[in-house]
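Biologist: Please show me the sequence and the structure. Then I will ask what stands behind the terms.

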Amino acid sequence: MNSPFETHADRVVVDVWSDVMCPWCYVGATVLDRAIKDFDHPVEVRHRSFLLVTDLSEGRTMPVTEVLTEFEGFSLEQAAAMNRQIGARAAELGLVFDHEATLGTNTRTAHRLIHHATTHGLGHPMARRLFKAYFSDGLD
C-alpha cells in the first residue's frame with residue numbers, strides 16, 4: 001500500500017493532497033501542524049494539488065453553499081448542515097470559518113502559488129495563509 005509518509009534519515013516527508021477551498025483540508029492542516037510541533041523529528045510537508053471543483057471556470061465565484069448544491073449535488077439543507085458541522089470542528093481548533101463570506105472559486109492559481117512558494121521552501125506556510133485568507137478572511 002502506498003503511504004503519504006516517507007522516512008529519511010534526516011526527516012519524515014508527508015505528502016498532503018488538498019485544495020485551498022476544502023474546509024476539511026484546513027482542519028487537517030491545523031491538526032498536522034500541531035502533531036509536527038509535538039514530534040521530535042524534522043518533518044517536511046509537501047503539498048500536492050487536488051482540485052475539488054474542476055468545472056468552475058477561472059474568474060467565476062459563487063457562494064460556497066451554491067458550489068455544494070450545484071457541483072456536488074447536496075440539498076441546501078445538507079449544505080448548511082455540513083457548513084455548521086465543519087465550522088464547529090474548526091472552532092474547536094481555534095479556526096474561524098466564515099461560510100457566509102466564503103466564495104467557491106477556481107483554485108488553480110492558488111495551487112500554482114503554493115508550488116512556486118515551495119521552490120523557496122515556503123509551500124506549507126503559503127498553503128496555511130491561503131486557507132486563512134479563504135475561510136476566515138473571505139478573500140478570493
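Biologist: Which residues of α5 are buried?

Modeller: This is a predicted model, in which local features need pLDDT of at least 70, side-chain atom pairs count only at pLDDT 80 or more, and totals for chains, interfaces and linings use all residues. Residues are numbered from 1 along each chain as its sequence is written, and side-chain values use heavy atoms, with hydrogens and water left out. The buried residues of α5 are Gly-123, His-124, Ala-127, Leu-130, Phe-131, Ala-133, Tyr-134 and Phe-135. Buried means under 20% relative accessible area, exposed over 50% and partly exposed in between, with a 1.4 Å probe and protein chains only.

Biologist: What do the buried residues of α5 pack against?

Modeller: They pack against β2 (12-18), α1, β3 (43-49), α2 (64-70), β5 (103-105) and α4 (108-118). Helices (H or I, at least four residues) and strands (E, at least two) are DSSP runs, numbered from the N terminus. Contact means heavy atoms within 4.5 Å.

Biologist: Why are α4 and α5 called roughly antiparallel?

Modeller: They pack at an angle of about 150°, with their axes 7 Å apart. Axes are lines fitted to C-alpha atoms, for helices over the stretch in contact, and angles run from 0 to 180 degrees between N-to-C directions. Angles under 35 degrees count as roughly parallel, over 145 as roughly antiparallel, 65 to 115 as roughly perpendicular and the rest as oblique. Therefore α4 and α5 are roughly antiparallel to each other.

Biologist: What makes α1 roughly parallel to α3?

Modeller: Helix α1 (residues 23-38) and helix α3 (residues 76-92) pack at an angle of about 15°, with their axes 10 Å apart. That angle makes α1 roughly parallel to α3. Pro-23, Trp-24, Val-27 and Val-31 of α1 make the contact with Gln-85, Ile-86, Arg-89 and Ala-90 of α3.

Biologist: Why does the span of α1 agree with its 16 residues?

Modeller: The expected span of a helix is 1.5 Å times one less than its number of residues. For α1 this should be 22 Å, and its end C-alpha atoms are 23 Å apart, so the two agree. Among the buried residues of α1 are Pro-23, Cys-25 and Tyr-26, and the buried residues of this helix pack against β2, β3, α3 and α5.

Biologist: Why is Arg-11 called partly exposed?

Modeller: Arg-11 lies in the loop between β1 (5-7) and β2. Its relative accessible area is 25%, so Arg-11 is partly exposed.
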